[in-house]
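Open the model in your viewer and keep the selection tool at hand. This tour goes stop by stop, naming what to select and what is there.

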Amino acid sequence: MQHDVIVVGGSYAGMAASLQLLRARRSVLVVDAGLRRNRFARHAHGFLGQDGVDPAEIARTARAQLQAYPTLTWIEDEAEQVIGQKDAFAVMTAKGSRHEGRRVLFATGVSDSLPEIEGLAERWGKSVFHCPYCHGYELDQGHIGVIATGPMSVHQAQLIPEWGVTTFLTNGLVTLDGAVRADLVARKVTIEEAPIRRLDGHADVILADGRRLAFAGLFTASRNAPSTPIAAGLGCALAETPFGTQVQTDDMKETSVAGAFACGDTARVPHSVSLAVADGAWAGATLHRSLVF
């Protein structure tokens, strides 16, 4: 059987795109490995109508709604390779199956490359975050730390004071010139240049000199890349962003390979559930148009 569209990745963007296509009565196959990027978070915020809801519950509800449409096929598997061309794509999975489709949509999300600081990875999505619009309000205007990963972290340190008293932990990765330092001071940001040894407790930072700084929460800028090389393996061009690498698309969400589309975190910045859903909805509509015209 040849599907109209094969969606690689069944998280928020992939499901939003699928919904548009299913409502146009197109046959859609979703191949999902079940690894949502926000699986470590207990609550989703900043998503209209779903503020404070467990992101896993949002995903379960969305999938149940999609499954009410008879032209959906959903398989729990990992897509390992995509070959072919427009109107004749094939997706091979880890379980050894092969699926054919006229179009393919990459909604695979991204991987987060985190600072190599002891204790940070275990707190990711719990007390260490990347998006203040998603998690800043709940810190209740408490003390917040920003852990530098590079020059872009200065922008984060300038923004975070909107949500609480801020300390910028440069960790030896950022050199501040006079103008930047003065700007941070004007924003009442404390600059801490001692190296970080590890994280402890809820969100405590242990410095190399032995001091312990306690925070309500921490922010850091992870480096992103598509969570799988499958789009690049098909020949889709990648683009560099201030946050890392993403799949390059045009305004219609089509990649450099005709008939192959991409949406969500893997194909846009910045990242949030709201933005992923919007991007997916647009990709679903433009994909449908590509099948019609």
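**Stop 1: the largest core**

This is a predicted model. Start inside. Select Val5, Val7, Val28, Leu72 and Leu105: they have the most contacts within the largest nonpolar core, which has 26 residues. Now colour the elements that build this core. β1 (2–8), α1 (12–23), β2 (28–32), α2 (55–66), β3 (72–76) and α7 (273–292) each supply at least two of its residues. Which element gives the largest share? That is α1, with six residues.

Zoom in on Val5. Setting aside residues up to four places away in sequence, Val5 touches Leu21, Ser27, Val28, Leu29, Arg103, Leu105, Leu287 and Leu291.

Then select Val8, Val31, Ala79 and Val82. These belong to a second, separate core, which has 20 residues.

**Stop 2: Val30 in β2**

Select Val30. This residue is found in strand β2. Is Val30 buried or exposed? Val30 counts as buried because its relative accessibility is 1%, and the cut-off for buried is under 20%.

Show its surroundings. Beyond its neighbours within four places in sequence, Val30 is in contact with Val7, Gly9, Gly10, Ser18, Leu72, Thr73, Trp74 and Ile75. Next, draw a line from Val30 to Gln20. Their C-alpha atoms are 13 Å apart in space, and the two residues are 10 apart in sequence.

**Stop 3: the second largest pocket**

Select Phe47, Ile58, Ala62, Gln65 and Val277. Of the 13 residues that line the second largest pocket, these lie nearest its centre. Which elements give two or more residues to this lining? They are α1 and α2. The volume of the second largest pocket is about 320 Å³. Colour its lining by class: nine residues are nonpolar, four are polar and none is charged.

**Stop 4**

Select β4 (79–85) and β5 (88–93). The two strands pair in the antiparallel sense, over six bridges. Pick Gly84 and look across to β5: its bridge partner there is Phe89.

Now click on Asp87, in the loop between β4 and β5. Asp87 is not a glycine, yet its phi is positive, at about 75 degrees. Asp87 counts as partly exposed because its relative accessibility is 34%, which lies between the cut-offs of 20% and 50%.

**Stop 5: an open parallel sheet**

Show β8, β15, β9, β10 and β11 together. These five strands form an open sheet in the order β8-β15-β9-β10-β11, with parallel pairing. Where are the edges? β8 (128–129) and β11 (190–192) are the edge strands, each pairing on one side only.

Move to one pair in the sheet. β9 (residues 143–147) and β15 (residues 217–220) run parallel and share four bridges. Select Ile144, then find its bridge partner in β15, Gly217.

**Stop 6: from Asn171 to Gly178**

Follow the chain out of β10 (165–169). Asn171 lies in the loop between β10 and α5. Its phi is positive, about 55 degrees, although Asn171 is not a glycine. Asn171 is buried, with a relative accessible area of 17%.

Go on to Gly178, in helix α5 (residues 178–186). Is Gly178 buried or exposed? Gly178 counts as exposed because its relative accessibility is 57%, and the cut-off for exposed is over 50%. Draw another line, from Gly178 to Ala148. These residues are 30 apart along the chain, and 18 Å separates their C-alpha atoms.

**Stop 7: the β12–β13 hairpin**

Select β12 (residues 196–200) and β13 (residues 204–207). The strands run antiparallel, joined by four bridges. Arg198 stands opposite Ile206 in β13. Look at the turn next. Three residues lie between the strands of this hairpin, and Gly201 in the turn has a positive phi of about 55 degrees.

**Stop 8: a cis peptide bond**

Finish at Pro270, in the loop between β19 (260–262) and α7. Show the backbone here. The peptide bond joining Val269 and Pro270 is cis, with omega at about -5 degrees.

Definitions and conventions:
Residues are numbered from 1 along each chain as its sequence is written. This is a predicted model: local features need pLDDT of at least 70, side-chain atom pairs count only at pLDDT 80 or more; totals for chains, interfaces and linings use all residues. Side-chain values use heavy atoms; hydrogens and water are left out. A nonpolar core is a set of buried Ala, Val, Leu, Ile, Met, Phe, Trp, Tyr and Cys residues joined through side-chain atoms within 4.5 Å. Buried means under 20% relative accessible area, exposed over 50%, partly exposed in between (1.4 Å probe, protein chains only). Contact means heavy atoms within 4.5 Å. Two strands pair if DSSP finds at least two bridges between them. On a 1 Å grid over the protein atoms alone, a cavity is a set of points where a 1.4 Å probe fits but cannot get out, and a pocket is an open set with protein on both sides within 12 Å along at least five of seven lines; lining residues have an atom within 4 Å of a point. Grid points are joined across faces, edges and corners, and a volume is the space filled by probe spheres set on the points. Ala, Val, Leu, Ile, Met, Phe, Trp, Tyr, Cys and Pro count as nonpolar, Asp, Glu, Lys and Arg as charged, and the others, Gly among them, as polar.
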